[in-house]
Amino acid sequence: MRSNNTPILGGRPHAFTPILDAANQVILGKPTEVRLAAACLLAGGHLLIEDLPGLGKTTLAHTLARLLGLQFARVQFTADLLPADITGVSIFDREHGGFRFIPGPVFSQLLLADEINRATPKTQSALLEAMEEGQVSIEGESRTLPSPFFVIATQNPADQIGTFPLPESQLDRFLMRIELGYPDRDAERALLAAGSRRQASDQLSSLLAPEQLPQLQAEVAAVHVSPALIDYVQALIEATRNHAGFRHGLSPRAGLALLSAARAWAWLTGRDMVLPDDVQAVFGPVARHRLHGAQGGKLAGRAEIDALLAGVAIP
Amino acid sequence: MKSSQPDPLSREQTPWLFAAAVVTTLPHTLQQPWWLSAFGALLFAWAFLLWREDRRLPGRWILLALVVAGVAAILADFRTLFGREAGVATLVLFMAMKLLELRSRRDATVIVMLGYFLLLTHYFHSQDIPTGLWLLFALWVVTAALVRLQAATMPPRENLVQAGSLLAQALPFMLVLYLLFPRINGPLWGLPADAFTGQTGLSDSMAPGNIANLVRSGEIAFRVRFDEVPPARQQLYWRGPVLENFDGRIWRQATRPASPERIEELGPRIAYEMTLEAHGQRWLLALDAPVALPADAKLDGRLAALAPRPVDKRQRLRLSSSPAYRLNTAESPLSLSDNLRLPANGNPQTRELARNWQAQANGPAEVIARALRHFREESFHYTLQPPLLGRDGIDDFLFRTRRGFCEHYAAAFVVLMRNAGIPARVVTGYQGGEMNPRDGYLVVRQSEAHAWAEVWLEKRGWVRVDPTAAVAPERIERGIVDALPAGEPLPAFLMRHGDWLRDLRHRWEALNNAWNQHILGYDTQRQRDLLSRLGFEVDWRQLIIALGLACAIVLALVTAWSLRQRIRPAPEIRLWHRAQRRIGIHCAPGETPLAFAARLRAADPALAARFDPVVRHFLLARYAPDNPTSLAALAAAVNRLPRRRIA
């Protein structure tokens, strides 16, 4: 699992191998997080990156967009951002004598919603609805979003000043939530020496043809899940529901999210079947933002998740 | 020929039904007429071809014609459709024909049910071990066919395994029923009148050649286990019917009403247990002279023990005999005159010879000695293939052919004695037996059939005289193989075999005997003995209650076991645990196999290198799409692991 030179199973190279390598050239010292982000996109889910400013959240989103050849848009969320600033507006066109729709940034394949918790809940929910439905309704008319459609949202931790924390129901819309954290010593040194990473990511070119991503997503969805593995996922979900430290357990939707994320992780490992290792690898990112401590409103901690994984026997 | 069948049979199910039909009918080919076997094989081949070519089954009129022809043939051969032979033949015929009518599940069910019934009919012919094994196998195949009807696409192996598992679950019930079901003396239902034909044994009359024919049979007549030391071979005269009436050729039992014997015992009794094979007659073949009989048996007035009804199935008897005895020193005049009577005409030379001896001799004892000396000193031969005798058979034998088997000598001797005025009669039975060193049972076969003579002397009563002993003393001392001259064509089973072959035969017969004694011979008495040894004294009413209780307990146990099976870990998990036990290092509850492998690699790279294949095959078996070979590969990898090191 973590560092296996000769994998016992899998290890087959796949279309994402060069993409991950290239991304790791830009985002230094964060291979696991890069891989989780890739898994999230492959599973067709949206990604929430949460960390302090300046740790490379935006760079990660930008890098993935470049490498995957996705049409990219970026919205900086602020307290005065309106829903229409995201979805688009209809304006009166004098020449044609009618209203013309100007699509907002949401009509792109990869939308980077920077610092989503700085916007008001009204604006947040406009985006989240678009994420869920794959379409937006503007002035009574439904407009379909492009496909594929990913949202990578970043947010500062909620204890920063001037933020509107996302409510639980909206957190659930994100397949994964990851934290980047500080780079380790070597990576930081390399980063300091090489200068800004944003420029490096601007120079990347696409490694994937536009029609390839949906095919790969279909491959990921076909990764085999055996009954024994479903038993394990069930055992994990039940453990969160019976856990005294959590206010609520995981929902069935969370269970499905866990499986599809595990499939993507297995595929990225070069396997055509899901192992408990894959479930464990994605369990934290998938489950943590869906679990809340019993006392306060804080999300489940990394240590609690690790203890849970260690305590649930693999059937 | 309905156009649409309600519940059609799939192509994959038919071969199983063919197999069920074949295994249930095949042993009957040994018993039934050849034409029926040929007809059945033809029908089967036809049905098989139609199945292979995926062609239409024959129409109703063809089937009807076949039924009429088959039934007519059975009627022509057996003159009936019922009874043992004809009934079984009819069922076999219908089984073969049903294969041509396999359209719906209903037809298939008929095959399976008929198959189960046909299994039972094999016990008419034989209840020995090979039959039992074959029927067990056939039961398995028929049950597999039944399973097949429910699951047409199951892999054949799993099909057989499931049928086996069904039967295995029935096994405890079988044992309980076998041990506790009240045993009834006599059959549960009436068997057809011809159910017991074909049994060999002594008959109630004797003509020259009868016994010689019987001797050719290697069948076992009875087995005996002596309570103490077995008597000497020369004393082993097993007494059957006593023949007193002679018409010049055939000896028959007297019709005169019997008066009870008066036996004086002159020595200690010998107690023994006899397991008598069915022979269709009433006599019990007790050792001369029987003095204690089973409660319902009696003596026939001539010292032959009789059962109350013909011995139609194997019986176990407790008997005691007194080899030294004196019988009827005061015999009724009627009996004595009967035993002096001869046909008015015929055998003149014999009459003259006997009268000469009588005139010369001083009393009966001397006449007897003279006669025996005659047999011994003149050139008489003991043979299984005596020449044919003419109208005056005794004359022919004594003066012309001089070659004969025991019945010739016994008959000639008795005729000589009667001519010399000494009451005499023929006794038939068995002489000798073979001790099986494997189980200590004395085995007496039809080949030990024998005839000897008895004469009545003043003060001494009936005295046994065996003229065969004068001609061929080896017959009495060592057995028939030694007595027959070299070059005599012997039946194969009597041939002298190498020691290992003899030992093999002894083992096989001991096994058969154990089967007879303990499995087939488990009767009311044994059942009661067994239960009382366990501390229960029960009558049949309590037995039924016990049976119900035992069945309930077994049902509970079987259910518990199968529930446990359901929650029992899958085979790959059991192998995975075994692998961990074997290396003595265990995977933590939340530790994935790959994490475990990594931990192992850090701790002991050499062991990890051998453990990695186990991890790989375990993961494949458990998490990969179904692959029938992965379990075997996992088992092989686990077996290659080194044994646990003592840390």
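What follows is a chat about the two chains, where they touch, and a few single residues.

Q: What kind of model is it, and how are things numbered?
A: This is a predicted model, where local features need pLDDT of at least 70, side-chain atom pairs count only at pLDDT 80 or more, and totals for chains, interfaces and linings use all residues. Residues are numbered from 1 along each chain as its sequence is written, chains are lettered from A and ligands numbered from 1 in the order in which they are written, and side-chain values use heavy atoms, with hydrogens and water left out.

Q: Ok, chain A then. How many helices and strands has chain A?
A: Chain A has 13 helices and nine strands. Both are DSSP runs numbered from the N terminus: helices are H or I with at least four residues, strands are E with at least two.

Q: Which radius of gyration does chain A have?
A: Chain A has 20 Å, which agrees with the value near 20 Å for a compact globule of 315 residues. The radius is taken over C-alpha atoms, and the globule rule is 2.2 Å times the number of residues to the power 0.38. Along the principal axes, the C-alpha atoms of chain A fill a box of roughly 70 × 45 × 40 Å.

Q: And chain B?
A: Chain B has 34 Å, while a compact globule of 647 residues would be near 26 Å. The C-alpha trace of chain B spans about 115 × 75 × 55 Å along its principal axes. There are 23 helices and 19 strands in chain B.

Q: What about charges?
A: Chain A has 27 positive and 32 negative side chains, with the centres of the two sets 3 Å apart. In chain B there are 77 positive and 58 negative side chains, and the two centres lie 8 Å apart. Lys and Arg count as positive, Asp and Glu as negative, and His and the chain ends are not counted. Each charge is placed at NZ of Lys, CZ of Arg, CG of Asp or CD of Glu.

Q: Switching topic: how many residues are in contact between the chains?
A: 20 residues of chain A are in contact with 18 residues of chain B. Contact means heavy atoms within 4.5 Å. The chains bury about 1,700 Å² between them, 65% of it on carbon and sulfur atoms. In chain A, A:I8, A:L9 and A:I314 lose the most area to chain B, together 32% of what that side buries. Buried area here is the accessible area (1.4 Å probe) that two parts lose on being put together, summed over both.

Q: Now single residues. Where's A:T87?
A: A:T87 lies in helix α4 (residues 83-87) of chain A.

Q: Buried or exposed?
A: A:T87 is buried, with a relative accessible area of 11%. Leaving aside neighbours within four places in sequence, the residues in contact with A:T87 include A:F101, A:P103 and A:V136.

Q: And B:E572, why does that one count as buried?
A: B:E572 counts as buried because its relative accessibility is 10%. B:E572 sits in helix α20 (residues 571-583) of chain B. Beyond its neighbours within four places in sequence, B:E572 is in contact with B:F618, B:A621, B:R622, B:L631 and B:L634.

Q: What is phi of B:L303?
A: Phi of B:L303 is near 75°, a positive value in a residue other than glycine. B:L303 is in the loop between β9 (298-299) and β10 (305-306) of chain B. B:L303 is buried, with a relative accessible area of 0%.

Q: Which peptide bond is cis?
A: The one from B:D288 to B:A289 is cis, with omega near -15°. B:A289 lies in the loop between β7 (270-276) and β8 (290-292) of chain B.

Key
Buried means under 20% relative accessible area, exposed over 50%, partly exposed in between (1.4 Å probe, protein chains only).
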